[in-house]
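Hi,

Here is the structure I promised to hand over. Have a look at it first, and then read my notes below.

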Amino acid sequence: MGELRTAKGDLHLDRVTKRFGDFVAVDDLSLTVPRGSFFALLGPSGCGKTTNLRMIAGLEQPTSGRVMIGDVDLTGSRPYQRPVNTVFQSYALFPHLTVRENVAFGPKRRGESGAMAKADEALALVQMSHLAGRKPPQMSGGQQQRVAVARALVNRPEVLLLDEPLGALDLKLRREMQVELKRIQTSVGLTFIHVTHDQEEAMTMADTVAVMNHGRIEQQGAPAELYDLPRTRFVARFLGQANLFDAPIVGTDGDYLIVENAGQRFGVKKSRSTVTSGTVSYGVRPEKLRLDETEPTDLRPNECLVGPGRVTDVSFTGVSTQYIVEVPGFPPASVFEQNLDVDPIVTHVGDEVWLRWNASHAFAVAPEE
Ligand code: ATP
């Protein structure tokens with residue numbers, strides 16, 4: 001079984017199901033993670049992310065289906081036989097050993113020569129050489145996290161699994177470590193599979209994001225692709241904010257489907273709709289909406305307009321301001337406007353406004369059942 005540790009290639013989950021008694025935690029899931037990519041498994045609590053990761057690590061066996069790297073079948077093999085290591089949120093460092101000894105622990109136990117040199121190399125990668133003599137309790141959470149990564153990298157795995165590794169860190173450190181982990185991944189060129197329920201974290205770090213829900217993958221793709229073109233209502237709402245209203249399709253116009261709501265018609269590109277007849281959830285991202293304080297008279301051919309509505313909330317966030325606007329016949333809309341002016345907020349709660357957007361930015365997905 002020794003050859004398993006050196007398996008190389010893309011990671012495949014092939015129709016994997018995991019049941020705990022009657023409960024299906026992972027449901028007939030297939031997935032390919034390209035070798036050397038930074039891949040995020042994103043989803044709400046309980047959707048099966050960790051179970052998936054544990055099956056890749058060999059800590060859990062699938063009820064059915066296969067786990068492969070390249071054409072090597074890992075299903076049934078023990079964790080230590082797999083070219084896979086896991087970094088947990090809890091770090092799991094030995095408090096009585098120095099950082100260097102912690103990192104050298106695995107290679108030493110396996111009787112490998114040059115364990116200390118390997119540890120030093122891994123510590124240099126995570127930029128922790130200067131703290132090699134410290135013990136974990138004398139270090140910050142972020143530093144301990146780097147050591148935990150070094151301890152996994154020293155085993156030279158093909159695939160590094162990260163299970164909510166930044167969950168215990170405060171927001172600022174979390175942001176720093178997101179950049180740092182991405183840098184480490186790029187420099188070592190290993191496959192990283194990162195589990196998180198934080199959509200911003202997944203989008204910032206990963207080349208590819210797979211959005212999980214109820215043990216299945218709803219959609220997988222580059223972050224910008226998932227954000228721009230969600231294919232389900234769940235993905236539209238889980239990644240960023242989406243203004244959605246349900247409306248029937250009432251016709252077509254060239255490349256566009258036409259939907260009707262509150263007596264008005266709106267276009268959505270056929271290629272940006274997963275539904276071609278019946279009712280859709282019509283969606284526009286908040287930054288794609290524009291506010292007008294008077295009824296606009298300069299609409300372009302592709303622009304949609306609703307109003308007048310009322311501003312019910314204004315939140316200044318620094319870079320942008322978020323407005324909540326209520327237009328009769330529509331759910332409250334969220335609008336982000338970038339703060340480019342010295343005094344950016346000219347619209348206030350209670351003001352009358354119109355909302356417009358370019359139909360080419362809209363998307364449509366199946367409504368909730
Ligand atoms: P979180 O973000 O909260 O960690 P998750 O997406 O990682 O969630 P999992 O830990 O994979 O979710 O759990 C998926 C589902 O399977 C949950 O409903 C959980 O309760 C259930 N589950 C996980 N492990 C077991 C087990 N050993 N026995 C029974 N049920 C389990």
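The centres of domain 1 and domain 2, taken over C-alpha atoms, are 39 Å apart. Domain 1 covers 2-233 and domain 2 covers 241-365, with bounds from an automatic or database domain assignment. Bear in mind that this is a predicted model: local features need pLDDT of at least 70, side-chain atom pairs count only at pLDDT 80 or more, and totals for chains, interfaces and linings use all residues. Residues are numbered from 1 along each chain as its sequence is written.

Where the domains meet, 5 residues of domain 1 are in contact with 6 of domain 2 (contact: C-beta atoms, placed from the backbone, within 7 Å).

Now the inside. The largest nonpolar core has 96 residues; such a core is a set of buried Ala, Val, Leu, Ile, Met, Phe, Trp, Tyr and Cys residues joined through C-beta atoms within 7 Å, and buried means 20 or more other C-beta atoms within 10 Å of the residue's own. Helix α4 (141-153) contributes the most to this core, 6 residues (helices are DSSP runs of H or I, at least four residues, numbered from the N terminus). Tyr282 is among the residues with the most contacts inside it. Beyond its neighbours within four places in sequence, Tyr282 touches residues including Phe245, Val268 and Ala364.

Finally, the ligand: its surroundings include Phe20, Lys49, Thr50 and His197. The largest share of that shell, 3 residues, comes from α1.

Cheers

How values were computed:
Near = placed C-beta within 6 Å. Helix = DSSP H or I, 4+ residues; strand = E, 2+ residues; numbered from the N terminus. Contact = placed C-beta atoms within 7 Å. Buried ≥ 20, exposed ≤ 12 C-beta atoms within 10 Å, placed from the backbone.
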